[in-house]
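Open the model in a viewer and keep the selection panel at hand.

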Amino acid sequence: MVMGDLVVEVDVAVVGGGPGGYSAAFRCAELGLETVVVDSGKRLGGACLWEGCIPSKALLHVAALIEDAERARDLGVDFGEPRVALDPLRKWKDERVVGRLARGLAAVAKTRGVEVIGGRAVFESSRELRVEGEEPQKVRFKHAIIATGSAPAALPGLALASDRVMDSTAALELADIPERLLVIGGGYIGLELGQAYAALGSAVTLVEMTDGLLPGVDRALVQPLARRCEKLFDKIRLGTKVTSLAEKGSAIEARFDGDDGVFDRVLVAVGRRPASAGLGLENTRVNPDARSFITVDDRCRTADRAIYAVGDVTGEPMLAHRAMRQGKVAAEVIAGRPSAFDNVVVPAVVFTDPEVAWCGLTEFEAARAGRAVRVAKREWAAAGRALTLGRTDGLTKLIADPDSGRVLGVGIVGPGAGELIAEGALAVEAALTVEDLAGTIHTHPTLSETLMEAAESLLRQGG
Ligand code: FAD
Ligand code: NAD
């Protein structure tokens, strides 16, 4: 590395230090490529660590504790009313969860010799970028990997400059527990954070524009979650749009189609947008699409041969594990290895109560494509482990090819679905058959048995 005149010369410059960026950088370093990461915050972790996956799951864990304590009453154990102290809760989330992981990432970067440069990166050409900020400098690279991620989408036409109107980042700071919380958007964030706030004591009203929660997800999987939300939330308004938001004293007045309400805080969770603006892409051959996503091929190459892109900025699904896999692929391709993002599935989990998880083909997609499939549904009502947990509100679904018996898709709803889906993802990715799943000994009593039992029921259907 040549440091003279504040010009750094490297094999690989990674722009953005989130899961896509740090996975790419660590793999590049492992493969012997001199690598730097430029991140606006001069830190690794990105949205996932600082304002996404990790802090939200920490809050959801606390929500689960509260809900389990409540459920315990039915089993004859009463812990009394929970009392939530926000300072220790925030401290635990920020220091012992997020802070600890951040220190871990920084240590890995140090060990692998990956320098993290603080500042905003702007491409000046396909070989050089300018870093703006406290330590202005130039980085000359042989290859660059864009991993700038995404940012919360705003509500079109309803911008209100009030700290009572929060995006997910503000909501995760947990400034207080609002008595009345309006959640706009019934997708991943609206449901996860809506449930977390409801468990902590907020009366939550959720407004979703489409006619169901989690649009696009198998309705059979969403149903148990919708039932739980009906209990947990004050109101759910489907097929509804917020038409105005106005500050009224120390509250926010919201109007929805044909209704209105006053809230102490509003959480806007209506999707995320790629962070591709202001990157100087016009000085390269990288060409974002109409929605501002950067198009990449299965090797994470952009239209500019020197520049790769990974993670949320490359499109949906905007999930951390997809970003990480793409990051490793980009690094390996740059190092000359025969690597590709050729994964059959990107599993997804909504970490609500109950959790909803899926991977591969859904029944709906199969019907839409006119593809014949065999489907097995294993309700958890008679599953031993589910009964011992007092949680029979689950379902395991298996979708298979009628001729080859190959597992094409798996959907699970219920506590622990986020862990259970790993077996489904492996089954689809490794082209396992229903017989493979049915013939594998699953430990008893576990929720994983429901996968084996669903497979057995498919075999019975097959005669
Ligand atoms: P990001 O994590 O967004 O990182 C991009 C980084 O680039 C940031 O640090 C940013 O500051 C930096 N940057 C941007 N522009 C520049 C520039 N010009 N110069 C320098 N640096 C720049 N996904 C899951 O898989 N599981 C979950 O449970 C989950 N929960 C979530 C909960 C919430 C509330 C949110 C908001 C998201 C959640 N996600 C979850 C999505 C996940 O956070 C993203 O998919 C993931 O962070 C994308 O990684 P990335 O590397 O593409 O970008
Ligand atoms: P989302 O796309 O999951 O959900 C947005 C919801 O808002 C949709 O249901 C949509 O119909 C609704 N909506 C849009 N405009 C609306 C309006 N004007 N009024 C009412 N409803 C409206 O987006 P999100 O919840 O903001 O999350 C963003 C992304 O972050 C997710 O798509 C996902 O990729 C990622 N994420 C993942 C996890 C996870 O993996 N567990 C958790 C949180 C976020």
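A polar contact here is a pair of N or O atoms within 3.5 Å; within protein, one must be able to donate a hydrogen and the other to accept it, and residues adjacent in sequence count only if both atoms are side-chain atoms. This is a predicted model, where local features need pLDDT of at least 70, side-chain atom pairs count only at pLDDT 80 or more, and totals for chains, interfaces and linings use all residues. Residues are numbered from 1 along each chain as written, chains are lettered from A and ligands numbered from 1 in the order written, and side-chain values use heavy atoms, without hydrogens or water.

Select Ala121: a backbone N or O atom of this residue lies 2.9 Å from a nitrogen atom of ligand 1. At Ala320, a backbone N or O atom is 2.8 Å from an oxygen atom of ligand 1.

Next, show the residues around ligand 1 (a heavy atom within 4 Å). There are 38, and the closest are Gly20, Asp39, Lys57, Asp312 and Ala320. Helix 2 gives the most to this shell, four residues (helices are DSSP runs of H or I, at least four residues, numbered from the N terminus).

Now color domain 1 (2-151 + 273-334) and domain 2 (165-270); both give residues to the shell, so ligand 1 lies between them. The bounds come from an automatic or database domain assignment.

Finish on helix 8, where eleven of 15 residues are buried (under 20% relative accessible area, 1.4 Å probe, protein chains only). Among them are Ala320, Arg322 and Glu332.

Definitions and conventions: Helix = DSSP H or I, 4+ residues; strand = E, 2+ residues; numbered from the N terminus. Buried < 20%, exposed > 50% of the residue type's maximum accessible area, 1.4 Å probe, protein only.
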